[in-house]
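This briefing concerns the sheet, the helices that accompany it, and the salt bridges of the structure shown below. Please consult the sequence and the model alongside the points that follow.

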Amino acid sequence: MSQREPASPIRTVVVGYGYAGRHIHVPLVRLEPALQLHGVCSGDPAKRDTIASQLGCRTYAGFDEVIADPAVDLVVLATPNALHAPQAIAAMSAGKHVVVDKPMCLTVAEADQMIDAARQTARVLRVFHNRRLDGDFLTLRSLIDQGELGRIRWMELSWQKYGLPRTWRQVASVGGGRLYDLGSHLIDQALILGASPVKSVYCRQLREFEGRDIESHSMLTMVFADGATAIIDTTCASRIPKPRYMLVGDKATFVKHGVDHQEAALAAGDINAAADDPSEYGQLDDGHARRVIPTLPGRWRDYYRDVAAAIPAGIALASAPPPDCGLALLRTQIAVLQAAGASARSGQTVELD
């Protein structure tokens with residue numbers, strides 16, 4: 001187990017230097033003063049040369065080297081989804097705290113194993129749901145908290161793009177496909193917005209990419225115990241996107257187009273410059289008037305600040321309040337994803353316990 005003084009920087013290694021590792025996790029880690037980018041792990045020698053020259057940190061050729069290093073406090077897993085569970089469990093068993101990119105894993109059984117490992121090792125386990133800190137989602141939650149929408153009865157959340165996902169995300173067996181990738185964010189958001197447990201899941205998918213086993217379209221319906229419904233719509237084949245959010249409450253309806261701009265701003269080197277154009281602002285209609293709702297600033301950079309705050313105090317994830325990743329919510333998210341796959345294969349609705 002690594003040893004450090006509480007006030008010293010948390011020595012962090014990002015495992016994986018694909019798009020997420022290079023363009024999201026490494027920059028966000030470097031923005032957080034309480035964290036030190038101790039190293040990056042990549043199996044590609046050319047990438048390791050780039051990392052050493054551009055970032056000036058240590059490089060690792062393999063995951064086993066990372067968890068064997070006693071200097072490492074925190075491991076960030078920006079690796080294919082199928083590796084999340086075994087790597088997170090191994091890292092926690094080696095005394096490391098863990099951030100794993102979304103989705104947490106592929107199955108409920110894996111989620112249970114990860115949760116057990118976190119509890120047995122007393123390590124902090126977090127899942128990177130940065131979309132909880134999107135400006136549009138923060139705006140929506142603020143409206144709900146203020147009672148502007150009333151009781152939510154219908155939610156539609158969509159993420160629509162055109163073109164195949166990158167690299168391993170084109171392979172279903174390792175957790176590829178749009179639903180597991182970006183749809184996991186939407187499921188997470190719907191679970192946060194829902195006021196009762198999920199009762200059932202129905203999913204319809206099309207697979208129209210020749211030679212690929214991932215879905216081209218996915219429509220997931222979640223029915224909550226209080227009768228509310230959430231529709232999660234993801235596709236790789238739409239040239240014109242639907243609204244990002246449409247929520248119907250018993251007091252008002254909210255509609256919002258566009259996608260949060262923090263990812264592009266982070267890539268450009270200034271995440272604080274991210275802002276919606278006024279043409280992308282949401283609209284709230286209560287039947288008497290339609291109001292334009294300016295988008296609140298997004299707060300991706302708060303994610304690793306919160307992780308850093310949890311580690312010195314040894315905060316158990318299960319006791320963390322929303323919007324932090326509670327273990328029960330994470331497990332439910334994976335249960336919904338797993339049920340969606342079963343429903344798409346059978347054509348039947350799947351009831352959740």
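In this predicted model, helix α6 (residues 135-145) lies across β7 (152-160), β11 (245-249), β12 (253-256), β13 (282-285) and β14. Its direction is at about 5 degrees to that of β11, an angle that counts as roughly parallel because it is under 35 degrees. A further helix, α10 (residues 327-346), lies across β8 (198-206), β9 and β15.

**Helices on the sheet**

- Nine strands form an open sheet with mixed pairing, in the order β14-β13-β12-β11-β7-β10-β9-β8-β15.
- Strands β9 (residues 217-224) and β10 (residues 229-235) run antiparallel and are joined by seven bridges.
- Within this pair of strands, T221 stands opposite I231 in β10.

**Packing of α7 against α10**

- The axes of helix α7 (residues 178-193) and α10 come within 10 Å of each other and cross at roughly 125 degrees.
- That angle makes α7 oblique to α10.
- The crossing of these two helices is right-handed.
- On the α7 side, the residues in contact are L179, Y180, S184, I187, D188, L191 and I192.
- These residues meet L329, T332, Q333, V336, L337, Q338 and A340 of α10.

**Salt bridges**

- The model holds 16 salt bridges.
- One of them joins the side chains of D69 and R58, with an N to O distance of 3.0 Å.
- D69 lies in the loop between α3 (63-68) and β4 (74-77), whereas R58 lies in strand β3 (residues 58-60), so that the pair, eleven residues apart, links distant parts of the chain.
- D69 is buried because its relative accessible area, 9%, is under 20%, whereas R58 is partly exposed, with a relative accessible area of 43%.
- The side chains of D112 and R331 also meet in a salt bridge, at 2.6 Å from N to O.
- This pair links distant parts of the chain, with D112 in helix α5 (residues 108-121) and R331 in helix α10, 219 residues apart.
- D112 is partly exposed, with a relative accessible area of 27%, and R331 is partly exposed, with a value of 34%.
- R291 forms a salt bridge with E148, their closest N and O atoms being 3.2 Å apart.
- R291 is partly exposed, with a relative accessible area of 37%; E148 is partly exposed, with 24%.
- R299, D302, R305 and D306 are linked in a network of salt bridges.

Technical notes
Residues are numbered from 1 along each chain as its sequence is written. This is a predicted model: local features need pLDDT of at least 70, side-chain atom pairs count only at pLDDT 80 or more; totals for chains, interfaces and linings use all residues. Side-chain values use heavy atoms; hydrogens and water are left out. Two strands pair if DSSP finds at least two bridges between them. Helices (H or I, at least four residues) and strands (E, at least two) are DSSP runs, numbered from the N terminus. Contact means heavy atoms within 4.5 Å. Axes are lines fitted to C-alpha atoms, for helices over the stretch in contact, and angles run from 0 to 180 degrees between N-to-C directions. A salt bridge is a side-chain nitrogen of Lys or Arg within 4 Å of a carboxyl oxygen of Asp or Glu. Buried means under 20% relative accessible area, exposed over 50%, partly exposed in between (1.4 Å probe, protein chains only). Angles under 35 degrees count as roughly parallel, over 145 as roughly antiparallel, 65 to 115 as roughly perpendicular and the rest as oblique. A crossing is left-handed if the near helix is turned anticlockwise from the far one by less than a right angle, and right-handed if clockwise.
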